[in-house]
Amino acid sequence: MNLPPISDRKIRFALVGCGRISKNHIAALAQHADRAELTEVCDTNPESLRSAMQATGAQGYASLTELLQQGNADVVVLATPSGLHPWQAVEAAQAGRHVVSEKPMATRWEDGKRMVKACDEAGVRLFIVKQNRRNATLQLVKKAIESGRFGRIFMVTVNVFWTRPQEYYDAARWRGKWEWDGGAFMNQASHYVDLLDWLIGPVESVYAYTATLARRIEAEDTGVAAVRWRHGAMGSINVTMLTYPQNLEGSITILGEKGTVRVGGVAVNRIDEWKFADEHPDDAKIREANYETNSVYGFGHPLYYDNVIKTLRGECEPETDGREGLQSLALLTAIYRSARDGIRVPLPLD
């Protein structure tokens, strides 16, 4: 039995994890102050917790267990190391709270499925953050694909050429660890792996290589994967955190029977190529869809939270629920299994 919609008051959110990405969540919720409020924050680091409390005025807790026992939030937002998400999601669900999990939802396939099962059994919602889907650039591409403007898609290439210096990994003990973080694919390129399924369609198989070429971490700092889709298209995803001297590119190129599109910039924020055999009113929207950014996170969090709030108010269905999150986790898992075992890995995994 699912929890009833919340339509007679503001929806209360608790933010667990007050580190690097937390500011995006705080700012996004502030834009929806008429329908939502951040009532609680939580972090095991006293300094991070104190800063979040001062910035938001929310009640602070040093542990999730304490927050769930004493707080009254309807939704728990997990912005903690990825390997912690499954345990924290299960604990929050069993306490009757809805769950919003940052990407990736888990670092292991079985843990991701456990999150979905726990939320189903508790009758609560599980949302997975995929804010890049809300980029105006990618929304135009999605619409062009769904309306058939590409015809048959032949090839797709995704590049994530960013940089993460050794100081980035040294700043937190969990970064670059297999259990808590994963590497360049699992952490930094997670949103781009998501594009392979969300935009192009179900993947048939992958073959991957990964390597730790320069950083002193457990997981990979560089990797490549060849991808074949069920409808026959082929492509690749190329990822490195060793780009000199700064983030260079987060892009996707789609080559089809009747269309060619490349969305580039540092984080798929600029349409560099947009050519189709037919004309469409959306062709005039390219310039207004482009935006400048130095942040790889983009500006999609407010739009993402709009869907979460509307869903909990009973006004719509979630765009990225737990099962949707499993799609990209399955792809990530297949990439790592292929690189580890030196074999082509077919999908679905189960």
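Which helices each supply at least two residues of the lining of the largest pocket? The legends below describe a predicted model, and the first of them gives the answer.

**View 1. The largest pocket and its lining.** The helices in question are helix 3 (64–70), helix 4 (85–94), helix 8 (184–188) and helix 9 (190–200), each with at least two residues in the lining. The volume of the largest pocket is about 910 Å³. Its lining is made up of 40 residues, and those closest to the centre are Gly19, Ala79, Thr80, Pro81 and Trp174. Sorted by class, the lining of the largest pocket contains 18 nonpolar, 16 polar and six charged residues.

**View 2. Strand 2 and its two partners.** Strand 2 covers residues 36–42, and six of its seven residues are buried, so the strand is largely enclosed by the rest of the structure. Strand 1 (residues 11–16) runs parallel to strand 2 and is joined to it by six bridges. In this pairing, Leu15 has Val41 of strand 2 as its bridge partner. Between strand 1 and strand 2 the chain passes through helix 1 (residues 22–30), and this β-α-β crossover is right-handed. Strand 2 also pairs in the parallel sense with strand 3 (residues 59–61), over three bridges. Here Cys42 stands opposite Tyr61 of strand 3. The chain gets from strand 2 to strand 3 by way of helix 2 (residues 46–56), in a β-α-β crossover that is right-handed.

**View 3. The aromatic pair of Trp178 and Tyr336.** The whole structure holds nine aromatic pairs. A pair of aromatic rings is described by the distance of the centres and the angle of the planes. For Trp178 and Tyr336 the centres are 5.5 Å apart and the planes stand at 85°, so this pair is edge-to-face. Trp178 sits in the loop between helix 7 (166–170) and helix 8, while Tyr336 belongs to helix 12 (residues 322–341), so the pair ties together parts that are 158 residues apart in sequence.

View 4. Tyr304 and Tyr305 form an edge-to-face aromatic pair, with 5.8 Å from centre to centre and 80° between the planes. Tyr304 has a relative accessible area of 3% and is therefore buried. Tyr305 is at 0% relative accessibility, so this residue counts as buried too. Together with Phe13, Tyr304 and Tyr305 form one aromatic cluster.

**View 5. Two cis peptide bonds.** Lys103 and Pro104 are joined by a cis peptide bond with an omega of about -25°. Pro104 is placed in the loop between strand 5 (98–101) and helix 5 (109–122). Another cis peptide bond runs from Leu347 to Pro348, and its omega is near 5°. Pro348 is found in the segment after strand 14 (345–346).

View 6. Val268 lies in the loop between strand 12 (259–264) and strand 13 (270–276). With a relative accessible area of 0%, Val268 is buried.

Definitions and conventions:
Residues are numbered from 1 along each chain as its sequence is written. This is a predicted model: local features need pLDDT of at least 70, side-chain atom pairs count only at pLDDT 80 or more; totals for chains, interfaces and linings use all residues. Side-chain values use heavy atoms; hydrogens and water are left out. On a 1 Å grid over the protein atoms alone, a cavity is a set of points where a 1.4 Å probe fits but cannot get out, and a pocket is an open set with protein on both sides within 12 Å along at least five of seven lines; lining residues have an atom within 4 Å of a point. Grid points are joined across faces, edges and corners, and a volume is the space filled by probe spheres set on the points. Helices (H or I, at least four residues) and strands (E, at least two) are DSSP runs, numbered from the N terminus. Ala, Val, Leu, Ile, Met, Phe, Trp, Tyr, Cys and Pro count as nonpolar, Asp, Glu, Lys and Arg as charged, and the others, Gly among them, as polar. Buried means under 20% relative accessible area, exposed over 50%, partly exposed in between (1.4 Å probe, protein chains only). Two strands pair if DSSP finds at least two bridges between them. A crossover is right-handed if, with the strands pointing away from the viewer, the path from the first strand over the helix to the second runs clockwise. Rings of Phe, Tyr and Trp (its six-membered ring) pair if their centres lie within 6.5 Å; planes under 30 degrees apart count as stacked, over 60 as edge-to-face and the rest as tilted.
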